[in-house]
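The sequence and the structure are displayed first, and the description follows.

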Amino acid sequence: MTSLRSVFASATAIVTFSLTVPTVSWAEQPIPVVATFSILGDMVERIGGEHIALTTLVGPDGDTHVYQPTPKAARSVAEADVLFMNGLEFEGWLERLAEAASFNGAMVVATNGIVPIAFEEHEDEHEEHDEHEEHDDHEEHDEHEEHDDHAGHDHGTFDPHAWQSLDNAVIYANNIAAGLAQADPANASAYYINRAVFVDQIVALKSDVDAMMGALPADKRTVVTPHDAFGYFAAAYDLTFEAPQGMSTESEVSAADVAALITQIRRDSISAVFIESITDNRMMEQIANETGATIGGTLYSDALSGETGPASTYLDMIRHNATTLSDALGS
Ligand SMILES: [Zn+2]
């Protein structure tokens, strides 16, 4: 049991200490921050270092699309000085959580300043969609019964999976560093130094990934995954990603979607399909069985792996995905 006297004594000791050693202050306590999901959490950890105490709400292998906040999550949010989110409606549950927790810290939207990909742009990649002239409202596209993979309408206007572009990761890093520096000015220089180190690592990785993806043969540049999470990666490397499920893992998959994909895999002689760490992969196994395509490996889309997995950091995740694609599709 801690007595009142000892609490008072220790408080006095701390005050005395901070008076005699002015460089140590209350500000040296790591600031409590929350990141919504593991990929963003890793970036925040890298830039915040020992100056932050981080809670990540949706951990490794977790699915942010279908996450349901816990009371513990609400307590973490209530105590946080800064709340880092992806934005682009990835965290549909966050606004209610922040309200319920009476969050009054700073909110940092990591995708601020990126060029978002409208999810319609993905559909333009489907030849069957040529007849869509404007693509401005899915609600009016009911007549396209074969392509209702976005029928869930539980996503926003834009593809939220922006972290799959390494160029965007630099913008995430900038936003994170600026958010931390604003919340904790005493350590601003540390945050900006950590940001610079991280950005150097991103740039180095990008040159490796550029080389791997650039070497993929022209007829091996279509990638089939369970959910549509790689639009930014596809755009960066002139790849085409096909997915029976839409942007969100919440979307229903229709038999017609699967059948259309099977037809396409056969027609285009697509040799490998990929599974994801966060999705139910029975559908992809069925598609592989029916088409003779092999399972090319596991891609990490919306979450990191655990510590012992191949994608336990953002940089490892991108490298793992690129290597997996290169191994399965390279000649
Ligand atoms: Zn997703």
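## The zinc site

In this predicted model, four residues coordinate the zinc ion: His65 through NE2, His161 through NE2, His227 through NE2 and Asp302 through OD, at 1.9 to 2.1 Å. The angles among the four donor atoms run from 91 to 116°, and the site of the zinc ion is tetrahedral.

## The donors along the chain

Along the chain, the donors of the zinc ion are spaced as H-x95-H-x65-H-x74-D. His161 belongs to the loop between α5 (119–124) and α6 (166–183), while His227 belongs to the loop between β5 (222–224) and α8 (231–237), so this pair ties together parts that are 66 residues apart in sequence.

Both of these histidines can also be described by their accessibility. His161 has a relative accessibility of 0% and therefore counts as buried, the cut-off for this class being under 20%. His227 is likewise buried, its relative accessible area being 0%.

## The contact of α2 with α7

Helix α2 (residues 38–48) and helix α7 (residues 188–214) have axes that come within 7 Å and cross at roughly 125°.

On the α2 side, the contact involves Met43, Arg46, Ile47 and Gly48, which meet Tyr191, Asn194, Arg195, Phe198 and Gln201 of α7.

Key:
Residues numbered from 1 in each chain as written. Predicted model: local features only at pLDDT ≥ 70, side-chain atom pairs only at ≥ 80, totals over all residues. Heavy atoms only, no water. Axes fitted to C-alpha atoms, helices over the stretch in contact; angles between N-to-C directions. Helix = DSSP H or I, 4+ residues; strand = E, 2+ residues; numbered from the N terminus. Contact = heavy atoms within 4.5 Å. Donors = N, O, S within 2.8 Å, 3.2 Å for Na, K, Ca; no water. Tetrahedral: all angles 85-135°; square planar, octahedral: opposite > 155°, others 65-115°. Buried < 20%, exposed > 50% of the residue type's maximum accessible area, 1.4 Å probe, protein only.
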